[in-house]
Amino acid sequence: MNRTELEALIRNSYKTDADHPWLKSPNYSVFRHGDNKKWFALIMEITADKLGLKGTAAIDVVNFKCDSMLIGSFLATPGIFPAYHMSKAHWITVALDGSVSDDTIRALLDMSYESTSSKIR
């Protein structure tokens with residue numbers, strides 16, 4: 001799944017549009033819940049070396065909130081990395097270069113959305 005496909009999936013599934021909060025990084029897209037404004041996805045373009053990969057080519061990635069008990073297992077998957085610029089205890093970074101299956105990305109998106117939603121009391 002690439003960036004365009006993921007953004008379309010988020011818009012269609014969760015009825016939310018991207019927010020672009022940083023003037024210096026207009027291609028960073030934040031997706032938030034409508035009610036509590038919590039982030040559930042952050043799509044960015046960063047250089048490969050920021051993830052410990054070789055080179056400085058720009059790649060699209062997405063950060064998802066993840067159950068801390070599952071992070072270790074996901075990090076064993078090619079294309080999934082410790083969170084870039086977020087809490088590594090609760091977030092992961094996923095490359096949007098085809099290295100991670102669409103089904104895995106969908107599952108991670110759903111998990112992130114659910115874990116950041118308002119809790120019914």
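Me: Which strand does asparagine 63 lie in?
Reply: Quick heads-up: this is a predicted model, where local features need pLDDT of at least 70, side-chain atom pairs count only at pLDDT 80 or more, and totals for chains, interfaces and linings use all residues. Residues are numbered from 1 along each chain as its sequence is written, and side-chain values use heavy atoms, with hydrogens and water left out. Strands are DSSP runs of E, at least two residues, and helices are runs of H or I, at least four, numbered from the N terminus. Asparagine 63 sits within residues 58-65, and that's strand E3.

Me: Is asparagine 63 buried or exposed?
Reply: Buried means under 20% relative accessible area, exposed over 50%, and partly exposed in between, using a 1.4 Å probe on protein chains only. Asparagine 63 has a relative accessible area of 0%, so it's buried.

Me: How far is the backbone oxygen of tyrosine 84 from a polar atom of the side chain of asparagine 63?
Reply: Leaving out residues up to four places away in sequence, asparagine 63 touches several residues, including Tyr84 and Phe40 (contact means heavy atoms within 4.5 Å). From that side chain's polar atom to the backbone oxygen of tyrosine 84, the distance is 2.9 Å.

Me: Which residues do ring pairs link into a cluster with Phe40?
Reply: Rings of Phe, Tyr and Trp (its six-membered ring) pair if their centres lie within 6.5 Å; planes under 30 degrees apart are stacked, over 60 edge-to-face, the rest tilted. Phenylalanine 40 is itself buried, because its relative accessible area is 0%. Ring pairs join Phe40 into a cluster with Tyr14 and Tyr113.

Terms used:
Polar contact = N/O pair within 3.5 Å; in protein donor to acceptor, adjacent residues only side chain to side chain.
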